[in-house]
Protein chains: 2
Amino acid sequence: MIGRLNHIAIAVPDLEAACDQYRNTLGANVGAPQDEPDHGVTVVFIELPNTKVELLYPLGEDSPIRGFLDKNPVGGIHHMCYEVNDILVARDRLKADGMRVLGTGEPKIGAHGKPVLFLHPKDFNGCLVELEQV
Amino acid sequence: MIGRLNHIAIAVPDLEAACDQYRNTLGANVGAPQDEPDHGVTVVFIELPNTKVELLYPLGEDSPIRGFLDKNPVGGIHHMCYEVNDILVARDRLKADGMRVLGTGEPKIGAHGKPVLFLHPKDFNGCLVELEQV
């Protein structure tokens, strides 16, 4: 059911410093910051040859990243995103196996303009898992 | 400098349950468990089309995963691994930029039989970063 690892997302306390580190110290291909007000984040995608790293920085007062950074002041891996062909089929299969979908259970449009859902970390070995329909 | 994301590693409290979930609920290609006594872990690789997920389970009394699971009883993302062409060149460039290499600073042979190093999470937005020479 799951396909490619679309990205791994890292919450960072200093977006400019993180971009500089990935660009200059790690020599990676770092994109431009994009504000995603619907998700309360500013994101920067780092293009690796086979997948992406998504740097996440809080945007606005109600950003879901703010609480994460309060608990993890130096930052940390926030979630991982697997691609699926049909997000509703995937959701229903997961629910049938007892896995919990976060929020309303209806897909939202994610940072790539595609439908996404998040799954409960306690059902996935402590990992916040995003599914993205591609 | 960094190339592909070689894998993302997840520490799990129940290896059999995690394998079963990835195989049957998520429909992924799950390998056989391999004991790595030199690293104090049993690993299972899950082959995605573009990268791997590495499930980590403690092996032996001194496993480095045991403390992580004590702090994170349901499990969690433990590290991410970037590929590099020359691990000594990469190490020296990182050190020149003030980044800390864990342990002796000399590469060890990792689960894939290739030289690996780990970098200090506090220098990488709270992420434990492994470099693997490919």
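Okay, let's start with strand 9 of chain B, residues 129–133: four of its five residues are buried, so the strand is largely enclosed by the rest of the structure. By buried I mean under 20% relative accessible area; exposed is over 50%, and partly exposed is in between, using a 1.4 Å probe and protein chains only. Strands here are DSSP runs of E with at least two residues, helices are runs of H or I with at least four, and both are numbered from the N terminus.

Quick housekeeping. This is a predicted model, where local features need pLDDT of at least 70 and side-chain atom pairs count only at pLDDT 80 or more, while totals for chains, interfaces and linings use all residues. Residues are numbered from 1 along each chain as its sequence is written, chains are lettered from A and ligands numbered from 1 in the order in which they are written, and side-chain values use heavy atoms, with hydrogens and water left out.

Back to strand 9 of chain B. What does it pair with? Strand 6 of chain B, residues 76–84, runs parallel to strand 9 and is joined to it by five bridges. Strand 8 of chain B, residues 115–119, runs antiparallel to strand 9, with four bridges. For two strands to count as paired, DSSP has to find at least two bridges between them. If you want to find these on screen, look for Val84(B) opposite Gln133(B), and for Val116(B) with its bridge partner Glu132(B).

Next, where the two chains meet. Chain A puts in 38 residues and chain B puts in 38 residues, where contact means heavy atoms within 4.5 Å. About 3,400 Å² is buried between the chains, and carbon and sulfur atoms give 63% of that. Buried area is the accessible area, with a 1.4 Å probe, that two parts lose on being put together, summed over both. On the chain A side, Thr25(A), Leu26(A) and Asn125(A) supply 20% of what that chain buries against chain B, more than any other three residues.

Which elements of chain A give two or more residues to that side? They are strand 1 (5–11), helix 1 (15–25), strand 6 (76–84) and helix 3 (87–96). Helix 1 of chain A has the largest share, with five residues.

How many salt bridges cross between chain A and chain B? Zero, by the rule, which asks for a side-chain nitrogen of Lys or Arg within 4 Å of a carboxyl oxygen of Asp or Glu.

Over all chains, though, the structure holds eight salt bridges. In one of them, Arg4(A) meets Glu83(A) at 2.8 Å, N to O. Those two are 79 residues apart, with Arg4(A) in the segment before strand 1 and Glu83(A) in strand 6 of chain A. Is each one buried or partly exposed? Arg4(A) is partly exposed at 31% relative accessibility, whereas Glu83(A) is buried at 9%.

Then there's Glu106(A) with Arg91(A), at 3.1 Å, N to O. Glu106(A) sits in the loop between helix 3 and strand 7 (108–109) of chain A, and Arg91(A) is in helix 3, 15 residues apart. Glu106(A) is partly exposed, at 48%, and Arg91(A) is buried, at 11%. Asp92(A) joins in as well: Arg91(A), Asp92(A) and Glu106(A) are linked in a network of salt bridges.

That's my tour, thanks!
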